[in-house]
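Dear colleague,

I am handing over the structure below, together with some notes on what was found in it. Please read the notes with the structure open beside them.

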Amino acid sequence: MSNIVVRRRLALLFLCSVLFFTGLAGRLFWLQVVRGAELRREAQENRTRDIKVEARRGDIVDRNGRLLVTSISAESVAAFPPQVKDPAKAAAALAPLLEMPEDKLLEMLTRKQSFVWLKRKIDCYTAQKIKQLHLDGIELYEESRRQYLCGSLAAHVLGFVGIDNQGLAGVEKEYDSELQGKPGRIVIEKDAAGRDIPSALHHFYPPCPGDKLVLSIDETIQHFVERELDKVVTQYHPANAVIIVMDPKTGGILALGNRPTFDPDHWQKAPSEVWNRNLAIWQIYEPGSTFKIVTAAAALADGVVRPEDHFFCPGYIKVAGRIIHCWKEGGHGDETFAQVIQNSCNVGFIQVGLKLGVQRFYNFIKAFGFGRPTGIDLPGEASGILIPEDKVTNLNLATMSIGQSIGVTPIQLITAAAAVANGGYLVRPHVVKEIVSPEGKVVKEISPQPVRRVLPEAVAKELAKLLENVVLKGTGVNAYIKGYPVAGKTGTAQVVSPQGGYLPGKYVASFVGFAPVNDPRLVTLVVISEPHGAYYGGEVAAPVFKAVMEDSLRYLGVPPQEGMPGPAKPWYEQAPVTRPVQVPSVVNLPVGEAVRQLKAAGLSFILQGEGNVVCSQVPQGGATVNAGTQVVLNLQAAPEGAGTEVTVPDLRGLGVRETAVLLEKLGLLLRPEGTGLAVGQSPAPGTVVKRGTTVEVKFSPPDLKQPP
């Protein structure tokens, strides 16, 4: 072989070597320089494991610093499946201690994973027994578990957390980011099989504990509320019940309780509709007469009515062809507006509402915050139900004036009442007073947040005095507290049926009020849904209000006042006022019309015999008796024949259609004049005429201050 060939081969070999080492150097440069950091991170991720270390969740205390919720140490059981030498044996040993099926544990221990949690946050006794087993691949890690120190106290305010200490309800959820803090982690280096490496990397990054919540809740007042709720459940067996106590000047909620309730430590044992629904901010109901506070406030502020203005209540009023009855049979008669409020007279409030009109009434309804959330710092608040303003009829306006045809939440109603108590400001309610860092510094302070002025101060004070008479002389006398002037309003509302209309025999009894009237410290709302037995707000809810307020005012050190007037007897215990009335003649009238006339006169009745027409009565028409006297009506079938004599009924207050139907039943003819309600007729009421006679009736629009 010639030298030239050898040289060429050596040159080629050298060139190949240069190319090879150049490529190798380039590859090394690519891996170590260009992708070095990335590959180094991936390698570290492959051989290290991050174990999350939960931060200690912040405490929750009441307004006075009393501990309500804290976090305690708890151990969790974990497994490293590659290190478990005998999975079947380990599963059999752990199953009774962890109260888990053996087959499920075996499946977890044989997974193709390097790490798996078996059970989180077990008690210390179980943890000790597991440690004594010395099982390979089974380890325990310290975590924290939430503990609610007062059982079910304020359960719907506090809420609860999940297994990973994440807030699921109440302030635990609303302030989750503040409470949970920042988690730490443990970085451990393992080999490919998940085994420890001698002298391996092991670094601990400590967690940062969460902030502390200082609530506006007062533990002692909350105990008063819980005590009375338990009594309500025992005595009346309601479908549900709510009590809220608020500071009217700041909007701070001092107590809030619901029934049914639950234990936050064992929330899973309660039905979801119990722990998932804070009735105080979620339940929508027709407030009934407690809403008359808003009607009165609007009328007084807008100058529509003055306390001394007179009204007449015959026991009913007709609006848009519908008759709406007052709660008192026979009505309240002549009364001032101050007495309308005191007596909770439906007829008077309807007249006031119709005078206000839709636009002015809605301006106040919206100003008081109805139809939208109050903004309380709790999850799940409802907006209530408000008919669109452009769709409101006169009938809607009338029923809304007495607390029907509108859906409110308890928190909306007590916030509106607080606006009257504090001089006219709507204040946003809240349950958290301040947030404090782990170092003890106040991170955030919840100051009173007035939303808007809804009433002039003079009007608010005037209304407060009128509401005081409700407790001294009216339907709310059972809320009277000796030494403390109380203003309030009762409510007895029907329960709306999901299919429309109202459920027969189902009511919501409520009372809202504040004290002392001259300088209100507390406003309290009691709502009891579907109580068994008694159901009037003045009978059922007012005594509960009294018990909570009396103890709370004394606890707060509010001094009693001397020389206060005493209350009247409850309306249902008062002896009826004896007044002479003239018995109307109802002979030859249909039984329905006869009963209507007797009720309008303030008389009771009893029916004897069968038929649809009154053939005789005792006492006879024209006799003078005391109000409430019972009239015996003897019935027979309606007579037939053109020559039969009938008695002309009193048609005043009836509409055209009702008049025509009544006269037709009697065999009489109608000659109407005008529209509206009957105000005059010929022949006169009580005249005996023959069937077929024409009765001339004059109709005119009703004067709402007069009996319809």
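**Helix 15 and helix 16**

Helix 15 and helix 16 are oblique to each other, and the reason lies in the angle, since their axes cross at roughly 40 degrees and come within 11 Å. Please keep in mind from the outset that this is a predicted model. The crossing of helix 15 and helix 16 is left-handed. Helix 15, which covers residues 358-367, takes part in the contact through Val358, Phe361, Tyr362 and Ile365, while helix 16 contributes Leu397, Met400 and Ser401. Sorted by class, the residues of this contact are 6 nonpolar and 1 polar, with no charged residues.

**The second largest pocket**

Which strand gives the most to the lining of the second largest pocket? That is strand 21, with 6 residues. By class, the lining of the second largest pocket comprises 17 polar, 13 nonpolar and 3 charged residues.

**Helix 3 and its two partners**

The crossing of helix 3 and helix 4 is right-handed. On the side of helix 3, the residues that meet helix 4 are Pro87, Ala88, Ala90, Ala91, Ala92, Leu94, Ala95 and Leu98, and on the side of helix 4 they are Glu102, Leu105, Leu106 and Leu109. The residues of the contact of helix 3 with helix 4 are 11 nonpolar and 1 charged, with no polar ones.

The axes of helix 3 and helix 5 (residues 124-133) come within 10 Å and cross at roughly 170 degrees, so helix 3 is roughly antiparallel to helix 5. Ala93, Leu94, Leu97 and Leu98 of helix 3 make this contact with Thr126, Lys129, Ile130 and Leu133 of helix 5. The residues of the contact of helix 3 with helix 5 divide into 6 nonpolar, 1 polar and 1 charged.

**Backbone details**

Most residues other than glycine have a negative phi, and most peptide bonds are trans.

- Lys121 is not a glycine, yet its phi is positive, at about 55 degrees; Lys121 is found in strand 4 (residues 116-122).
- Val618 and Pro619 are joined by a cis peptide bond, with omega about 0 degrees, and Pro619 is placed in the loop between strand 26 (613-618) and strand 27 (624-626).
- Ser682 and Pro683 are likewise joined by a cis peptide bond, with omega about 5 degrees, and Pro683 is in the loop between strand 31 (677-682) and strand 32 (688-690).

With best wishes

Key. Residues are numbered from 1 along each chain as its sequence is written. This is a predicted model: local features need pLDDT of at least 70, side-chain atom pairs count only at pLDDT 80 or more; totals for chains, interfaces and linings use all residues. Side-chain values use heavy atoms; hydrogens and water are left out. A crossing is left-handed if the near helix is turned anticlockwise from the far one by less than a right angle, and right-handed if clockwise. Helices (H or I, at least four residues) and strands (E, at least two) are DSSP runs, numbered from the N terminus. Contact means heavy atoms within 4.5 Å. Ala, Val, Leu, Ile, Met, Phe, Trp, Tyr, Cys and Pro count as nonpolar, Asp, Glu, Lys and Arg as charged, and the others, Gly among them, as polar. Axes are lines fitted to C-alpha atoms, for helices over the stretch in contact, and angles run from 0 to 180 degrees between N-to-C directions. Angles under 35 degrees count as roughly parallel, over 145 as roughly antiparallel, 65 to 115 as roughly perpendicular and the rest as oblique.
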